[in-house]
Amino acid sequence: MTTTIELSAGGFALDGVPSVVLCSSVFPFRIPSEQWDHRLQLVQESGYGMIDLYVHWGFHEQVPGQIDLTSPERDLRRFLDLARARGLLVMARPGPYICSETDGGGLPWWLHGDRDGAPAALRTSDPAYLAAVDRWFDAVMPILADAQIGRGGPVALVQIENELDFFDCPDPEAYMAHLADRTRALGIEVPIIGCAGQGDLAGATGDAEAVVPTVNLYPSDTSATFDEETRYYAGILEDRDLPLMVTETNRMHRTLRREILAGARLVAPYLQTSGFDHLVLPSAGNWGDPGNLMTHDYDFGGYISPDGRRRPEYDEAIALAATLEAWGERLAKAAPVPLSEVAIEGMSSGGALALPGGGLVVGPAELTGFATPVTLRSATRPDDAATVDGNGSDGSPVVDAVVPAGACPFWALDVPLAPWGCDGTLMVATAELVEVRSDAGTLVLTFTGGPDAVVELELSTDGDTAERLRHVGVGETHSSAAAHPVRIVVREAGPTLADPEPDFRTASGSVLTLGDLLPTSGTVQTSTSSAEKLTGAEALGLPDGRVQTEVELSAEAIGVLLLGAADLVRCRLDGVDLGVRVPHGAPIELPVAQGLPHRLRTVAEIWGRANFDDARRPALHLGAGRGPGTVLEIREVQDVTDLWEVRTLPDRRAQGALSSPPLRDLGGWSSPNLGGDTVYGRSLRLPDSALTGVLFLRGLTHPVHVALDGGADQLVVPEAPVVVLPGGAAEVDVTIRAPHVPDGLLDRADLVVAAHPEIREIRALREAELAEVVTNTADDAEPSRWAPLAVRTGSCPAGGLRVASENPVLVRLDGEGGGGALLELTGKDVEVTVVVGGRRVSRHVLGGPAVAGGDPRRSWVPALWSATGPVLLLVEATAPQGGIFEGVRRARTVR
C-alpha cells in the first residue's frame, strides 16, 4: 500500500514513483452499505487507483451536536477499510460544503433558514458557522487521520471546502486558513487541497498557506480549445512547483486523455460511479431553469450506473489504465507539448507528451465523430531506402494513419528503447502501447490496434548497422539480428465488459383511491392573530416533509400574494385546488372575489435546499429556508410606473445629484450610453402605516438594485421582481439603479398595499411520518377497496390511471421476492412517492416542473429494504385538472 505522496512541479509521486492517477467518485451516502464493496471492486477492476469520497456533513449530523459516523449506513471507518482492502487510494472531501447536487450542498439543514434567529453567514468566517464546522471537523478529521497512507490507510489527499471561487467569499484567505489550521491540528499530514470550480485559484484556496490548489474542468467534450486551456493551468501550477491535479471533470475518456496529454497528473472524472438519493434529499434548482428539481436518480452517465452496471465507458477506462501502466514513469514525468509542434498533419486537437530522454507520446483527438486520416513523420533518418509508407523530402519515414471516430489514441513517435533495456528506437506506433515486459531476455512490446496499425522499430545489431523491424496489423513480429531481441505484439481490443441495459417489464399491482390530501400529524402552531411571516420549516424543526398552513382572508382582500414559499407549493382556495407550483421563493399572486371572506390552504413540500448560490430566486440562495414564506392579502394595487425622478444619469452629467431632476416613467430615461446605469427615485406612500407595501416590478427584463430610505442596495431580479417596504412607515423613499434598456425595462410598476391575514393553523409532517401514514393506510385498507392496477405504459400512451387533484391514489405493486428492484415510472402531471417498509425511497415529478440530474422516472429499492414490505406508490396530481399515472415497469438490479 502507498505510504507517501509527493507533489512537485509537474510531478505526482507515490512512494517516490512518478505517477498519473485515475480517480472515480464513490459516494457511500448514495449506495446501500451492503453494496459499497461491490462498487469499489468495479472501480479497482477498471484500473482506476483512487476514489473521490465526499463525506456529507448533513447526512452525519442530522441533529445538531449528534454526529453519527458509526451506524451501518454512515460507518466511515468501514468504508475506508474497504477501499484499503481493494488497494484504492482515497481523496477525502469532508467539506464542510461539498455541493454534489445534494440538500444544502451537504451543509446540515439546521444551518438554513431562520431557525434560531438570524442565520449564520455560511462558507465565511462567521463565528457561529465556524463553531459548527469545528465540531464537525473534530469528529471527522481524526477518522481520516487514522486512515492516512502514512498510517497504513488509503487517505492520500484531504480537500477542504469545494469550489469556493463560485461563492464570492468575502475573505477566502481567513476562512480557508482557519479550515486548514484546524485540519492540520487534528492530525492530517497528507496534502490539503482546495479545488477551483472556475479557475480562480486564489478564490478557491484564499492562497492560504499549505492549501494546494487544484482545478475542476468541465468543458464541452468537443471543445477544440480545451487542450490549450488545460496546459494553461498546468503551467500556472508548475510555476508554483505543483502538479496539475484535475479534481473534477467530465466522464468521457477521450477528454481525460486530453487532460493527461496537457500535463494533468491526477484526473478525477466526477460521478463515474453513479448512485441514488435514497438516504439524502437532492438539491433544488441547480441548473438551467431556476425552477427545476434534482432527480432521485443521481446519474450523469458515468461508467457505473446507479444500480451497479458497467457501461461502455468502463471498457475505455480499462484501455486508458493499461496504457498509463505500460508507459509508467516515463509518461508521468513527460512535459506537455501542443500538437501543433509535433510532426503530425491532418489534426490540430489533442496534444503530446515529450518523454524524458527523448520521444513523444502523441494523442490526436478526433472531435467531429468521423474517422479522420492523419500523417505522422518520424524524425529518425533511415540509412537505407526502407520506409513505412514513404519518405519525406528530408528522408524521414512517413506514416499514414486514421484516428477512429471519437478517439484520442496514445501513439508513439521516436521513443528510445534504452529505458526498457534495449538499444534502439520505437520510430512510430499507430497502435496503443498496453504492456512492456521482458520474456527470457526478449523485450515484448504489446499494443492494441486494428488491421491498419503500424509499429516500426530501429534496432542496433552487433556492428554499426541497424535492423528495421516493421509490423502492420494484428499479430506478432520478432527481431532477427538485433543485439537485444524484441517482439512486437499487436492485438485487438478485448471484449466489452459493459453490462446489458435492464430488462424492464410491466409491473402488476392494485390501487386504492384516497380522500383529501393526506392528513398531517399534530398541530404545531395555531393562531387567531396575524403574523408577519409564517413559521418556516427549519423553525419547526423540519429537515424534510411538508408544512401545511390555513389562513383566513378578510372580505377586504382582492387577492393573495405569497412571498418566499418553497419548494413544491400547492394552493387550495376555498376548497378549489389550484395545482402545484415550484416558485423557489418567487412571488405567487392569486386573485380573489372582493366582499367575501376566503380560506386559503398552502402545502409547502421540501424537495431539497439549494446547493448553489443562485440570485435568480430568493429560495435558491445558499442558506435560504423552506416552507410557506409570507402570505399577504392584497387590499389595493396602485400603478406607480410614472413620476420617477431621474436623480443621476449614465453620462458625464452624473457627477452628482441633479438640481432639477427630470420626471420619467421607471426605466424610461433614454441614453446613448448603454453601458451605464440610471438612478430613479420616488417616495411611495401607504394609506396606513399598519399595512404592508410591496413594490412589484412587473415584467422586469434586467436585474436592478433598489435602496429603501438610503439604505444598502438590494438586488431585484426578473424572476422575483418584488421589494417589501419597511413596516411601520407610511412613506418610503425608493431609489432604483437600472440599466437603459431600449426595448423597455419593465411592463409596469405597482405598489401592492397588503395586510397579514389571520393564521388559523400551521401543521408539519416529516417524510418519515408521511411514509408511516402511507404504510398504515395500505395495511388498514379492506381488501375489497383495492382494485386491479390497469394502466398503459409508454412515453405517450393513451389512457392510464386518472388521478384527481383532490383524490390521491395509493398503488401497491405485486412482490417478486428477493433482491433489489429498479423501477421506471411514467405519468403526466403527477408526483409519485415510493415507500417500502415504512421508509420513503424516492420522489418523482412526472410531466410537471423541470427536473435535472438523472432519469426522473427511475427509482431504486435496495435489496435489504425490499424485504421489509411491498412497494407502495403514493400518486398525487400536480395540476388542477388532475394527472395521469401511466404505469410502472420493474427490473431486477445487479444487487
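Trainee: Which residues is Ser-479 in contact with, leaving aside its neighbours within four places in sequence?
Mentor: Ser-479 is in contact with Leu-459, Glu-467, Leu-469, His-484, Pro-485 and Val-486, where contact means heavy atoms within 4.5 Å. This is a predicted model, in which local features need pLDDT of at least 70 and side-chain atom pairs count only at pLDDT 80 or more, while totals for chains, interfaces and linings use all residues. Residues are numbered from 1 along each chain as its sequence is written, and side-chain values use heavy atoms, with hydrogens and water left out.

Trainee: Where is Ser-479 found, and is it buried or exposed?
Mentor: Ser-479 is found in the loop between β27 (475-478) and β28, and at 16% relative accessibility it counts as buried. Buried means under 20% relative accessible area, exposed means over 50%, and partly exposed is in between, using a 1.4 Å probe and protein chains only.

Trainee: Stepping back, how many helices and strands does the protein chain have?
Mentor: The protein chain has 12 helices and 58 strands, taken as DSSP runs numbered from the N terminus, with helices being H or I of at least four residues and strands being E of at least two. The radius of gyration is 32 Å, close to the 29 Å that the globule rule gives for 895 residues, so the protein chain is as compact as a globular protein of that length. That radius is taken over C-alpha atoms, and the globule rule is 2.2 Å times the number of residues to the power 0.38.

Trainee: And what does the C-alpha trace span along its principal axes?
Mentor: The C-alpha trace spans about 110 × 80 × 55 Å, and buried residues make up 59% of the 895 residues. Among contacts between residues at least 6 apart in sequence, 73% join residues at least 24 apart.

Trainee: Changing topic, how many salt bridges does the count come to?
Mentor: The count comes to 58 salt bridges, each being a side-chain nitrogen of Lys or Arg within 4 Å of a carboxyl oxygen of Asp or Glu. Side chains of opposite charge can pair when their charged atoms come close.

Trainee: Which side chain does Arg-310 meet in a salt bridge?
Mentor: Arg-310 meets the side chain of Asp-499, at 3.2 Å from N to O. Arg-310 lies in the loop between β14 (297-298) and α9 (312-327), and Asp-499 in the loop between β28 (486-491) and β29 (505-506), so the pair ties together parts that are 189 residues apart in sequence. Asp-499 counts as partly exposed, at 25% relative accessibility.

Trainee: What about Arg-377 and Glu-345?
Mentor: Their side chains also meet in a salt bridge, at 3.8 Å from N to O. Because Arg-377 lies in strand β19 (residues 372-377) and Glu-345 in strand β16 (residues 344-345), the pair ties together parts that are 32 residues apart in sequence. Arg-377 is partly exposed, with a relative accessible area of 26%, and Glu-345 counts as partly exposed at 45%.

Trainee: Which residues are linked in a network of salt bridges?
Mentor: The network links Arg-546, Glu-605, Glu-767, Arg-840, Arg-843 and Glu-876.
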